[in-house]
Amino acid sequence: MKKSILLLVSVSAALGIIGTLTPAMPVQASTRYYQVKSVNRDNLPYHAASQRSAYIYNPTHTRKLHNLKNYPHTTWYVSKSMLMRSSYSSKKGVYYYVTNGSKTISGIVWRGYLTAGVNSKTPATTNGSSNTAILKQQFKEFLAMPQQTAENQVMQKVKQDLAGTYTFDTNLMNYAAYNQHYGQNNPTISDPNWTSIRSKFGLVKGNYAESYGIPEDYNSSWFEAVKYNPNVSGNSYINALATPTEHGIKSLAASHPDYPKVGFGLNIGQPYTYSRSFSNLVIVSK
């Protein structure tokens, strides 16, 4: 009896039972999967959630094509989200159809192995010259990205770059975000009482300093400038947008060394065909 149970367990492990709709991780085995339904995802950027082994399969999940751990610098573009069912266990899982920026690798991968956003390690240059294909794809992503997603990614980049140097205060971050979206959220109020608004966040004259970035439209001309000057872009357009905010923080903090708390907010306008607006606010306080 014990031998029979051991044999059954061994066979089950060999065949594998893969991703369900719960957060359970799929076993890396080549069990055929059938597509139940799918949703187009507009080539949204993702990258590997960790450095562990996680395989990209062919569309029917019968053959391993690539291991995500071998592509630590790659941004994967998700064109389709698919609910798939295992032919072995009948369990279901959500998979993404992914393609790399140069379109040389594609396949399906369990969604739990990816996290949203452009990989900050994805190079925009090759041997000192701009990789036009990657930059074009990143520009397309930037134009199509929902406002909140774009803003969150820029804010994450700023915090990542300045971590350990400045203390980002939650109250100041909330005020800056409120400030930058006030007109958008209150279109009928043309002359808000900012003194009253600031006081609600505990900001009174003499205990804070703020600086507004000049609103700009980032358009196809900016794209061309970035394409031929990789120092402007860093690794992506998201990284490029983080740069003026980082400079603003450094400058304001340096001129007010007795104000240790730092906050910032930004507004990336709704996308148009070839442009998006960008503005920011930096604030420091005691």
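**Note on the predicted model: pocket, salt bridges, rings and backbone**

1. The largest pocket has a volume of about 220 Å³. A pocket here is an open set of points on a 1 Å grid over the protein atoms alone, where a 1.4 Å probe fits, with protein on both sides within 12 Å along at least five of seven lines. Volume is the space filled by probe spheres set on the points, with grid points joined across faces, edges and corners.

2. This is a predicted model, with pLDDT of at least 70 needed for local features and 80 or more for side-chain atom pairs, while totals for chains, interfaces and linings use all residues. Residues are numbered from 1 along each chain as its sequence is written, and side-chain values use heavy atoms, without hydrogens and water.

3. The lining of the largest pocket comprises 13 residues; closest to the centre are His-47, Val-118, Ser-120, Gln-156 and Gln-160. A lining residue has an atom within 4 Å of a point. H3 gives the largest share, four residues. Helix H9 (237-255), like H3, supplies at least two. Helices (H or I, at least four residues) and strands (E, at least two) are DSSP runs, numbered from the N terminus.

4. By type, the lining of this pocket has three nonpolar residues, nine polar and one charged. Nonpolar covers Ala, Val, Leu, Ile, Met, Phe, Trp, Tyr, Cys and Pro; charged covers Asp, Glu, Lys and Arg; the others, Gly among them, are polar.

5. The criterion is a side-chain nitrogen of Lys or Arg within 4 Å of a carboxyl oxygen of Asp or Glu. One joins Lys-157 to Asp-161, with the closest N and O atoms 3.2 Å apart. These residues are four apart in helix H3 (residues 147-162), so about one helical turn separates them. Lys-157 is buried at 13% relative accessibility. Asp-161 is partly exposed at 33%. Buried means under 20% relative accessible area, exposed over 50%, and partly exposed in between (1.4 Å probe, protein chains only).

6. Arg-198 and Glu-210 form a salt bridge with closest N and O atoms 2.7 Å apart. Arg-198 is in helix H6 (residues 194-200) and Glu-210 in strand S11 (residues 208-212), so the bridge ties together parts 12 residues apart in sequence. Arg-198 is buried at 14% relative accessible area; Glu-210 is partly exposed at 21%.

7. Ile-249 belongs to helix H9. Its relative accessible area is 0%, so Ile-249 is buried. Ile-249 and Glu-210 lie 39 residues apart in sequence, with a C-alpha to C-alpha distance of 9.6 Å.

8. There are nine aromatic pairs. Rings of Phe, Tyr and Trp (its six-membered ring) pair if their centres lie within 6.5 Å. Tyr-175, Tyr-178, Tyr-182, Trp-194 and Phe-201 are linked into a cluster by ring pairs.

9. Lys-64 places its charged end over the ring of Tyr-55, 4.3 Å from the ring centre. The test is NZ of Lys or CZ of Arg within 6 Å of the ring centre and within 35 degrees of the ring normal.

10. Two backbone points deserve a look. His-61, a residue other than glycine, has a positive phi near 65°. His-61 sits in the loop between strand S2 (55-57) and strand S3 (64-67), and is buried at 1% relative accessible area. Ser-90 also has a positive phi, near 70°. Ser-90 is in the loop between strand S4 (76-86) and strand S5 (92-100), and is partly exposed at 47%.

How values were computed. Rings of Phe, Tyr and Trp (its six-membered ring) pair if their centres lie within 6.5 Å; planes under 30 degrees apart count as stacked, over 60 as edge-to-face and the rest as tilted.
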